[in-house]
Structures are given as C-alpha cells and as structure tokens.
Amino acid sequence: MSQPVTTNPFIIMLINMTVVFLVLIALGVVINLIHYFDPTKPKAKPEEAPAPAPAPAVKAAPEPVKEEGLTPEVVAVIAAAVASFGYGPGAIKAIRPIDRNGWKQSGRAMGMDRTV
Amino acid sequence: MELFNAFVVSLQSVWTGSGFATFTGGHAIMIGVGLVLLYMAFVKEFEPLLLGPIAFGCILANFPGTGFLEEPGLMQAIHYGIANEIFPPLIFLGIGAMTDFGPLLARPVVLLLGAAAQIGVFVALVGAMLLGFNVQEAGAIGIIGGADGPTAIYLSIQMAPHLLGAIAVAAYSYMSLVPLIQPPIMKLLTSQKEREVQMEQLRPVTKFERVMFPIVATILISLLLPPIAALLGMLMLGNLFRESGVTDRLSDTAQNSLCNIVTIFLATGTGMTMSAESFLVPQTLLIICLGLVAFAAGTAGGVLFGKIMCRLSGWKINPLIGSAGVSAVPMAARVSQMVGMKAKPGNYLLMHAMGPNVAGVIGTAVAAGTMLAMLK
C-alpha cells in the first residue's frame, strides 16, 4: 500500500466531493450531448397550420351513468378491465356499486363457490 | 483391557480433533450474532437475500478447526473471489442489467443530487478519523454511507480487509432500514409546501440514448478513475445487454441466474470474514454507529441540495427526491415516493426519484474510485 496523498480528513472530504461533483457534471454534459446528437429523436413540430374547419360532429357514445362517490381512478380501472376483454368504452352503460346487503353478498359468494 | 485403552484413546483423539475442544466464548457469541442476523433476515425480512447468507457464513466461520481458509476447497474458492475483488463487479453486471437509466437520461440535472448525497461518505470518514481509525480504514467505513453493498465490499477489501465483515453487515443492515432512517430526516428538513411540489412528466428517452450512455460513460469514467473501471465497466456492460435489444439471453442471465449465484457466494464469503477474532472488537460498535451517521448525513445532504434545486428551478423539483441519491436502489426511491404521497396523495415521485437513485450508484462508485486513487 503506497503512502496516501494526505491524511487531513477535511481536505480529503473537500477533494473527493469536488471530484464526485465534477465527474457527475461531466456525465450530465455527456448525456446532453448524446441527446443533442441523437439522430433518432423526434423532430420538433413545424409551425401548426391554421386549423381546418371543424368536421361535422360525430355522434359520441352515450356518457355512461356514473354513481355518485365513485372516483375517476376507480372508473378508469373498471374501463381498463372491460377494454382488456375487447369491449370499447361505449359498452359501459353505467357503473354503480352492487347492493352491500350482507345476506345477498353471502349468497353470491356461495353461488360462486359452487361454480368453481 | 487393551481394547478399552484403544477405545479411550480413540475417543480422546476424536474429542481433541473436534471443534468443542477449542470452542471459545467468542465463537459462541459470534454464532449467537449469526442466529440474530438469521432471525432479522428470514423472520423480519431485512434484506433476506443478502443478510441470510451473510448470517450463515458468520456461523460457519466460527466453528474451530474447519480449516476453511487454509485448505483448498469451496470455502477457499469463495474467499478467493472476495479477496481478489471478483464478486462485486459480477454483482454490478447483474445490477446494470436490472437498472433503467431512463429517468436519469431524461433529466440529467438530478445527477447533482446523486453527488450531493455522497456527503454522508465523507462525514463518516471524518468521524472515523477523529475516532482514531487510520485513513484507509476511515475511507472503507465512510463508504457505508454510499448505501451500495458491492461498492462497500469492493473498497473494504482493498483498503481495510480486516473490517470487511463489520462494514458489510452495517451497510446491508442500514440499507434494509432505509424506510425507517430516512423519513424523519426528510420531514425535518422540508416544509409541507416543498413536499407537495408536483414534478413534470419526464420526456421520452430514445433507444439511441439508452445504448450510447453506457458506452460513453464507461469510456469517460474508466479513463478518469481506472481503479473503478472493473466495477463501472461491468455495471454498464450489464446495462448494455439490457438496452441493446439483441442480447436478451445475456441480459436475462446477468440479472437472474448469474446475479443470484454470485450473491450467494459474495454474501456467504462476506459472512465468513466475521470470525470472533476479527469481529469481537470495540471497533465493530464504532463502525455500526458511524454507518448510521453516514446514512443520515447522506440523506440530509441529498434533501438539502434538493431544496436548493427546488428554488433554482422555480419549484419544479421536489426536494424529497434528493434523499434517493444515497443509492439503496430502489428502496430509497420508494421512500421518496412514500413520503411524497403522504404529503399530497396522488403526487407520484417514484420515477423522478429513480434518476438520483441510479446517479447515487454511479456517485458512490466515483467516490470509491477517488478514495482508492488518493488513499490506497
């Protein structure tokens, strides 16, 4: 093991932190250069031409009935689950929680058990 | 009678050759330590993949008369892989194959947070030197603050091999305790308004950038800091396997089978350095305390620099992502996400924190390389 350059802990700290910052700044510059010279990056969009006259409105799918209290996240998750089975958003007519009556829930659970 | 004497002599030779004849209190204590670590790993699930084999290695290392390190065999081969710095770069190969540098490439300014969090390394170094450790030992202890196990082991082997066991145990224990250590420091140093800062969506990163980065970074860092060329080179090679898109088999092997195999060897071998003679010394307690100081200082450094960047960017950077600069991938980024979500539900910081998190891995390796160049 050769002799260390210095044994003053504060100087070691100062030099090392400076080197760490400089190397990572250099790496940041490299990343920016790669981005700058990237031949595959999407080109900046040209000035947008004036918008064409609006097309006649297509009849939109009816807005599904949404129960009060359902958060947009829950609606999004349910819509995604329905979409994963190949149905479009128009297939959803309404989203509402099922009746939370304990007896009915129990009956449903038993029915599902029998089918498995 | 002759038969009886032969029987007694045989029994005596079995006894004197057994571990019990030379078993000491120190061995018993270290086996106890191994059992406690096993409990922490498998019951409390503190980094079980690493702490488990380390704990078992610790138990194995404290059976007298095994001759593990003196006679050729598996244990000596494992020790060779540790003593000659073979395993940490191989682990880095796997880490590279698992790492997505995308968030860093999309916002390279967060590299500064990865650099700022390295202050913990040097605060612990100063503390260790003030407590009487020599400069090489202090450097090895300080690197615990980098929260990066393979780098800590890599540096310890070269600068203070006799402290390897204590440093590895401290590093992995604190890494598993990141969700407990970091949040109070993050909350203490930030205001509610700062924690609620919502960051903009990251720009998409092209495949060209993803492929070029590991190549150029390897060339740059290896030329600047040759002592860590093996470590950084393997990290970037693993990442290149992942990003090239044509080496899926290599990427899969590096991040799964190879990484798992090397983890078993590295962790077991590290545990086997925890013999009673080298571990049961007052220095071990100091190392464990300094490790905590290193983690806390690194977290504080990252968050404080994050506050500066928050102001300079016009409140576009949430200071909470600064704490992820201590490495501990991906745990530290998850902590940023958790604290951010608590301050403002729906404030998703995970991907933003992954940038400083992987910058911290590079920063710790750079800190280790600088110390090797200066102090070894």
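## Close-ups of a two-chain model

**View 1. Leu240(B) sits in helix α15 (residues 229-244) of chain B.** Helices here are DSSP runs of H or I with at least four residues, strands are runs of E with at least two, and both are numbered from the N terminus. This is a predicted model, where local features need pLDDT of at least 70, side-chain atom pairs count only at pLDDT 80 or more, and totals for chains, interfaces and linings use all residues. Residues are numbered from 1 along each chain as its sequence is written, while chains are lettered from A and ligands numbered from 1 in the order in which they are written. Is Leu240(B) buried or exposed? Leu240(B) is buried, because 21 other C-beta atoms lie within 10 Å. (Buried takes 20 or more other C-beta atoms within 10 Å of the residue's own, exposed takes 12 or fewer, and partly exposed is in between, with C-beta atoms placed from the backbone.) Leaving aside residues up to four places away in sequence, Leu240(B) touches Val211(B), Pro214(B) and Ile215(B). Touching, or being in contact, means that the C-beta atoms of two residues, placed from the backbone, lie within 7 Å. Now look for Ile317(B): it is 77 residues from Leu240(B) along the chain, and their C-alpha atoms are 29 Å apart.

**View 2. Ile261(B) belongs to helix α16 (residues 248-271) of chain B.** Ile261(B) counts as partly exposed because it has 14 other C-beta atoms within 10 Å.

View 3. Which residues of α8(B) meet α9(B)? From α8(B) come Val121(B), Phe122(B), Ala124(B), Leu125(B), Ala128(B) and Met129(B), and they meet Val135(B), Glu137(B), Ala138(B), Gly139(B), Ile141(B) and Gly142(B) of α9(B). Sort the residues of this contact and you get nine nonpolar, two polar and one charged. (Nonpolar covers Ala, Val, Leu, Ile, Met, Phe, Trp, Tyr, Cys and Pro; charged covers Asp, Glu, Lys and Arg; the others, Gly among them, are polar.)

**View 4. Helix α1 (residues 9-37) of chain A packs against chain B.** With 29 residues, α1(A) reaches 42 Å from its first C-alpha to its last, close to the 42 Å expected at 1.5 Å a residue. That expected span is 1.5 Å times one less than the number of residues. Buried residues of α1(A) include Ile12(A), Val19(A), Leu27(A) and Ile34(A). What do the buried residues of α1(A) pack against? Their partners are α6 (102-106), α7 (111-116), α8, α9, α14 (207-224) and α20 of chain B. Across the two chains, 29 residues of chain A are in contact with 36 residues of chain B. On the chain A side, those residues divide into 20 nonpolar, seven polar and two charged.

**View 5. Helix α2 (residues 72-83) of chain A has twelve residues.** None of the twelve is buried, so α2(A) lies largely in the open. In chain A, the elements run α-β-α-β-α from the N terminus on, and 9% of its 116 residues count as buried.

**View 6. The loop between α18 (282-312) and α19 of chain B holds Pro330(B).** The peptide bond from Val329(B) to Pro330(B) is cis, with omega near -10 degrees. Ser327(B) lies in the loop between α18 and α19 as well. Its phi is near 75 degrees, a positive value in a residue other than glycine. Ser327(B) is buried, because it has 31 other C-beta atoms within 10 Å.

**View 7. Glu45(B) is in the loop between α2 (25-42) and α3 (48-61) of chain B.** Glu45(B) has a positive phi of about 60 degrees, although it is not a glycine. Glu45(B) counts as exposed because it has 12 C-beta neighbours inside 10 Å.

**View 8. Helix α19 (residues 331-343) of chain B has 13 residues.** Among its buried residues are Ala332(B), Val335(B), Val339(B) and Ala343(B). What covers the buried residues of α19(B) includes α12 (178-189), α13 (192-195) and α20 (350-375) of chain B.
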